[in-house]
Amino acid sequence: MPGQHRGSRTTRSTELPSPDFRNRFIFTLPLGGGDGWTTALLANASGHAGFAVHFQTRQLPTFSVWKNTVAEADGYVTGLEPGIVFPNFRGFERERGRLPIVQPGHTYRSELALEVADTLDSVRKITDRIHLLQGKTATTVHRQPIERLSAVPK
């Protein structure tokens, strides 16, 4: 079941592999700093290794976390996905005014940087940046899909 929230957030754990697990998307409207940049981090439990994606929220205004925690042998996966839209059907995104149309001969520019953190200190520095971006902003988590972000099951 998808969930959505506004802002960056720190999650301390992920589900264990399960053969009956269904894909899950978490949709986020990320907070950017004054320069428009934000950061998302996927780190191991001990905090000594991680992968970060830094992206420009003015160009990539949505962020999705995709989890597929089926049995480990079948491809346990977590994806960090900055985007111009949420991973809904194009018609759904178009109806909500989020589907940009790039005309023939034109371009759409987006900036992102990927970072591998391989020490406690490097993971801590990324985590500190995320906490700075969060500030005192309250995070709203919707346990069920909300229509403005994703198709609500009937």
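The exercises below concern a predicted model.

**Exercise 1.** Determine in which strand Ala43 is found, and decide whether the residue is buried, partly exposed or exposed.

*Solution.* Begin with the secondary structure, where Ala43 belongs to strand 3, a run that covers residues 37-43. Next take the relative accessible area of Ala43, which is 37%. Because buried means under 20% and exposed over 50%, with partly exposed in between, Ala43 counts as partly exposed. Finally, turn to the surroundings: once neighbours within four places in sequence are left aside, Ala43 is in contact with Ala49, Gly50 and Val123, and its C-alpha atom lies 8.5 Å from that of Ala117, a residue 74 positions away along the chain.

**Exercise 2.** Carry out the corresponding analysis for Thr62, asking which residues it touches beyond four places in sequence.

*Solution.* Thr62 is placed in strand 5, which comprises residues 62-68. Its relative accessible area is 3%, so Thr62 is buried. Beyond four places in sequence, Thr62 touches Thr28, Pro30 and Phe55, together with Glu81, Pro82, Gly83, Ile84, Val85 and Phe86.

**Exercise 3.** Describe the chain as a whole, from its secondary structure to its contacts.

*Solution.* Of the 154 residues, 34% count as buried. Lastly, among contacts with a separation of 6 or more, 65% are between residues 24 or more positions apart.

Technical notes:
Residues are numbered from 1 along each chain as its sequence is written. This is a predicted model: local features need pLDDT of at least 70, side-chain atom pairs count only at pLDDT 80 or more; totals for chains, interfaces and linings use all residues. Side-chain values use heavy atoms; hydrogens and water are left out. Helices (H or I, at least four residues) and strands (E, at least two) are DSSP runs, numbered from the N terminus. Buried means under 20% relative accessible area, exposed over 50%, partly exposed in between (1.4 Å probe, protein chains only). Contact means heavy atoms within 4.5 Å.
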